[in-house]
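Here's a quick briefing to read alongside the model. Have the sequence and the 3D view open as you go.

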Amino acid sequence: MATTGSASVCLNQHSVLIPTQLKGVSLTSRISVPTRFYSNRFTSRIRASSAVAVEQELKTPAQDATEAELFACPICYEPLIRKGPSGFNVPAIYRSGFKCRKCNKSYSSKDIYLDLTVTSGTKQYNEVKPARSELFRSPVVSFLYERGWRQAFNRSGFPGPDEEFKMAQEYFKVAEGGVLVDVSCGSGLFSRKFATSGAYSRVVALDFSENMLRQCYDFIKNDESIISSNLALVRADVSRLPFFSGSIDAVHAGAALHCWPSPSNAIAEINRILRSGGVFVGTTFLRVNPSAPTIIRALEQSATRTYSYFTKEEIEDLVTSCGLINYTSKVQGSFIMFSAQKC
């Protein structure tokens with residue numbers, strides 16, 4: 001397995017434990033201090049996260065807000081008002097309603113997951129993504145994803161979910177105790193591993209596919225250790241993430257980059273939501289024919305509606321051009337795991 005890395009330096013640094021001795025943690029994060037502190041199993045350090053505002057009249061003992069929540073309106077990125085039971089877990093969020101303080105748009109969780117897409121609640125309008133994205137909204141593909149589909153990745157050099165999880169955890173050591181978002185989580189294969197690891201205060205399993213999120217719920221609904229853990233199921237667009245800027249400690253995107261309609265918009269959004277020093281880890285398939293001219297590849301993808309595969313050099317260029325630093329990668333066959341950090 002080949003490993004490459006590039007290091008960057010920014011002001012106000014402190015050392016971090018990331019492979020290849022990464023440095024680049026800025027101390028300029030926006031900090032929101034909750035009006036109330038809780039002493040349960042969260043770490044005592046204050047993190048860069050912003051609270052979901054809770055209407056004062058709703059603060060009964062049964063519905064009192066817990067730690068600062070992080071969901072924001074995907075339209076205006078303003079705080080959401082939450083009505084319902086407190087707690088950050090699937091049952092509590094399912095029984096809650098959310099409304100934007102600024103634009104008054106409401107968001108529901110009637111389908112097990114919380115829908116925080118811009119088009120949430122539309123009755124006539126339906127937005128269709130490119131074929132490579134729409135494929136995973138299919139109930140058949142969603143059902144098969146962990147029942148043979150994902151296992152076939154091994155033929156391209158993917159080490160397998162258990163080993164990929166261990167590799168990602170090495171990069172995420174500096175984010176332990178913080179909030180992790182598993183974007184394009186699919187059926188929650190890695191979300192479940194992150195949630196049960198005990199390494200994070202909250203885990204958000206996020207995907208655009210309704211059926212993938214339903215599959216995720218089917219896998220966890222009878223497992224009390226997961227269903228009541230600090231896990232949320234959220235439907236959202238990776239190019240319009242429903243979180244405050246600088247509020248997330250870690251973002252994971254497993255086998256996802258090649259499926260995104262606009263990888264540059266997605267990684268720019270990931271950069272926006274990461275706190276200073278936050279870590280992004282992703283995996284994808286490398287392009288088999290790296291010598292093919294860009295214009296030829298673009299025409300092929302347009303004609304066949306295939307996935308967007310890149311060379312390892314293109315991925316590094318993409319990630320660093322979106323403002324992330326301390327890029328490093330590990331390659332095995334057509335598999336690449338890459339990581340970068342926000343300054």
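W260 touches R132, V183, S184, V238, A253, A266, I267, I270 and F280, leaving aside residues up to four places away in sequence; contact here means heavy atoms within 4.5 Å. Keep in mind that this is a predicted model, where local features need pLDDT of at least 70 and side-chain atom pairs count only at pLDDT 80 or more, while totals for chains, interfaces and linings use all residues. Numbering starts from 1 along each chain as its sequence is written, and side-chain values use heavy atoms, with hydrogens and water left out.

**Around W260**
- You'll find W260 in the loop between β9 (248–253) and α8 (263–273); helices (H or I, at least four residues) and strands (E, at least two) are DSSP runs, numbered from the N terminus.
- W260 is buried, at 4% relative accessible area (buried is under 20%, exposed over 50%, partly exposed in between, with a 1.4 Å probe and protein chains only).
- P130 sits 130 residues from W260 in sequence, yet their C-alpha atoms are 8.7 Å apart in space.

**α3 against α6**
- Helix α3 (residues 139–149) packs on helix α6 (residues 210–220) at about 45°, with the axes 8 Å apart; axes are lines fitted to C-alpha atoms over the stretch in contact, and angles run from 0 to 180 degrees between N-to-C directions.
- α3 and α6 are therefore oblique to each other (under 35 degrees is roughly parallel, over 145 roughly antiparallel, 65 to 115 roughly perpendicular, and the rest oblique).
- On the α3 side, P139, V141, S142, F143, Y145, E146 and R147 meet N211, M212, Q215 and F219 of α6.
- The residues of this α3–α6 contact split into 6 nonpolar, 3 polar and 2 charged (Ala, Val, Leu, Ile, Met, Phe, Trp, Tyr, Cys and Pro count as nonpolar, Asp, Glu, Lys and Arg as charged, and the others, Gly among them, as polar).

**α4 against α5**
- Helix α4 (residues 161–171) and helix α5 (residues 189–197) pack at about 55°, axes 11 Å apart.
- That makes α4 oblique to α5.
- P161, D162, E164, F165, A168 and Q169 in α4 meet L189, F190, K193, F194 and S197 in α5.
- The α4–α5 contact residues come to 6 nonpolar, 2 polar and 3 charged.

**Cysteines**
- The disulfide count is 0, where a disulfide is a pair of cysteine sulfur atoms within 2.5 Å.
- For C73, the closest cysteine sulfur is in C76 at 3.7 Å, too far for a bond, and C73 is buried at 0% relative accessible area.
- For C185, the closest cysteine sulfur is in C216 at 5.5 Å, again too far for a bond; C185 is buried at 6%.
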